[in-house]
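Please keep the sequence and the coordinates at hand while reading.

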Amino acid sequence: MKIHIPSFVQNALQILREAGFEGYAVGGCVRDSMLNITPKDWDIATNAMPDEITHVFAGRVQTIFQKNRRFGTISILFASNASVEITTYRSESDYADCRHPNSVRFVQDIREDLKRRDFTINALAYEPFSETLLDYFCGIEHLGARQIVCVGEPSARFGEDALRILRAVRFCATKGFCLETRTHTALLESLPLLVHISSERKREELNAMLLGDFAAHVLRDFSPVLRVVLGENWHEPCWNHFAALPRVLDANLVLESRLATLLLTSSNPLAILQNLRYNSAQSKKIAQAIAHYPLQSSIPNLQKALFALGKDTVRLLAILCAARGDMQILLNLEHAMQGCYNLAMLNLKGDDVLAAGIARQQIGSILRALLFDVIEGKIANERGELLCALWDKMCYNT
């Protein structure tokens, strides 16, 4: 079986080979290549020790990074700015914190290295010169069946590293895989271990799940996982609305609309977002959109919302409303944004109001009242009409 390997990876493998060492592309890059997905990262496993890796690449690449040397990983940066991580074959000891091994032991047998990995589809290794594909745990079969199966005992794999629970769900949401029975059972039994995973890592995995093509039905099926990740304030949303969210081009808006829908019926969305360390601006926007949902889709109402909440929040709100069937709101929002909906668009300024004898502290409220008259169609956004309306208000108040 032949897999396309980029030239810089071939180069790294050739350097190891010429120095008398083994070298294999391993893990996700092999898995994705077999799925006809371009890998984001390339990893190499070798029987060379970290000192030997550093020695054979010295002077032949742009930079050698040794930050993770104690785990046997050396990062190589080529002059082309392409990079690859090269790791010595290893086995791992107990995982006291359900996340990191207490220690690693370097070994010379790649099978020992592959059997420590999480899922069979990630325990594949490929050597391009002989076109050798190593598959000791039926990973190719499971790839064909689009099935997630743990290497060895599932409960042991999740106990070693609780992040694997979220990774398994992410694979389902992004690649359309399903969990085989024993792996699925062990995953649900291991959910209490997620307490060991940082909020930041939970957020990263949740974001990846939400952006997956299969997110709607996978997240519904794995609601017990979401309940642990999101906490007691979370309540299941209407999954039909989640599936019906309109497609948009902005990746940030895709994430925010799916996240908002996920939290739409929760008792304290802002607390959930803060617990997962979402940034304050994004958290506020999503929480505001949820607080004002559903929104009436008339153009005047949308313009008032644009004034009060801003374009980004109202656009998010409109997408949420469209998912429940109000598609007209998206068209109305485009029309609303072409009209006058904030004070800067009003053809009357604070100085005009001040010149009319209005006290400075009342200028804001007067302008807002005039803006709402324009929005409601009572007057046109023309200076003459606005001045007349201003005098009418002054006379009325006196």
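Two strands are said to pair if DSSP finds at least two bridges between them. Helices (H or I, at least four residues) and strands (E, at least two) are DSSP runs, numbered from the N terminus. The model is predicted, so local features need pLDDT of at least 70 and side-chain atom pairs count only at pLDDT 80 or more, while totals for chains, interfaces and linings use all residues. Residues are numbered from 1 along each chain as its sequence is written, and side-chain values use heavy atoms, with hydrogens and water left out.

Seven strands form an open sheet with mixed pairing, in the order β3-β4-β5-β2-β1-β8-β9. The edges are taken by β3 (63-65) and β9 (132-135); each has a single partner strand, so one side of each lacks a neighbour in the sheet. From one strand to the next, the twist averages 30°. Angles here run from 0 to 180 degrees between N-to-C directions, and axes are lines fitted to C-alpha atoms, for helices over the stretch in contact.

Within this sheet, β1 (residues 23-26) pairs with β2 (residues 43-46) in the antiparallel sense over three bridges, and Gly 23 stands opposite Thr 46 in β2. Helix α1 (residues 7-18) packs on the sheet, where it touches β1, β2 and β5 (83-88), and its direction makes about 10° with that of β2. Contact means heavy atoms within 4.5 Å. Strand β8 (residues 124-127) is joined to β9 by four bridges, and the two run antiparallel. Leu 124 stands opposite Asp 135 in β9. The hairpin of β8 and β9 has four residues between the strands, and Glu 131 takes a positive phi near 55° there.

What lies in the interior? A nonpolar core is a set of buried Ala, Val, Leu, Ile, Met, Phe, Trp, Tyr and Cys residues joined through side-chain atoms within 4.5 Å. Buried means under 20% relative accessible area, exposed over 50%, and partly exposed in between (1.4 Å probe, protein chains only). The largest nonpolar core holds 98 residues, of which Phe 57, Leu 187 and Leu 230 touch the most other members. Helix α17 (residues 311-323) gives this core its largest share, nine residues. Beyond its neighbours within four places in sequence, Phe 57 is in contact with Ala 12, Ile 15, Leu 16, Ile 64, Ile 76 and Ile 86. A second, separate core of 18 residues includes Ala 356, Ile 358, Ile 363 and Leu 371.

Among the helices, α9 (residues 199-210) has buried residues that include Leu 206, Met 209 and Leu 210. These buried residues of α9 pack against α7, α10 (215-221), α11 (223-230), α12 (239-243) and α13 (251-262). Arg 170 belongs to helix α7 (residues 163-175). Because its relative accessibility is 19%, Arg 170 counts as buried. Apart from neighbours within four places in sequence, Arg 170 is in contact with Lys 175, Glu 205, Ala 208 and Met 209.

Helices α16 (residues 299-309) and α20 (residues 363-375) pack at an angle of about 150°, with their axes 9 Å apart. They are therefore roughly antiparallel to each other, a label given to angles over 145 degrees, whereas those under 35 count as roughly parallel, 65 to 115 as roughly perpendicular and the rest as oblique. In this packing, Pro 300, Gln 303, Lys 304 and Phe 307 of α16 meet Arg 368, Leu 371, Phe 372 and Ile 375 of α20. Arg 368 is partly exposed, with a relative accessible area of 38%.
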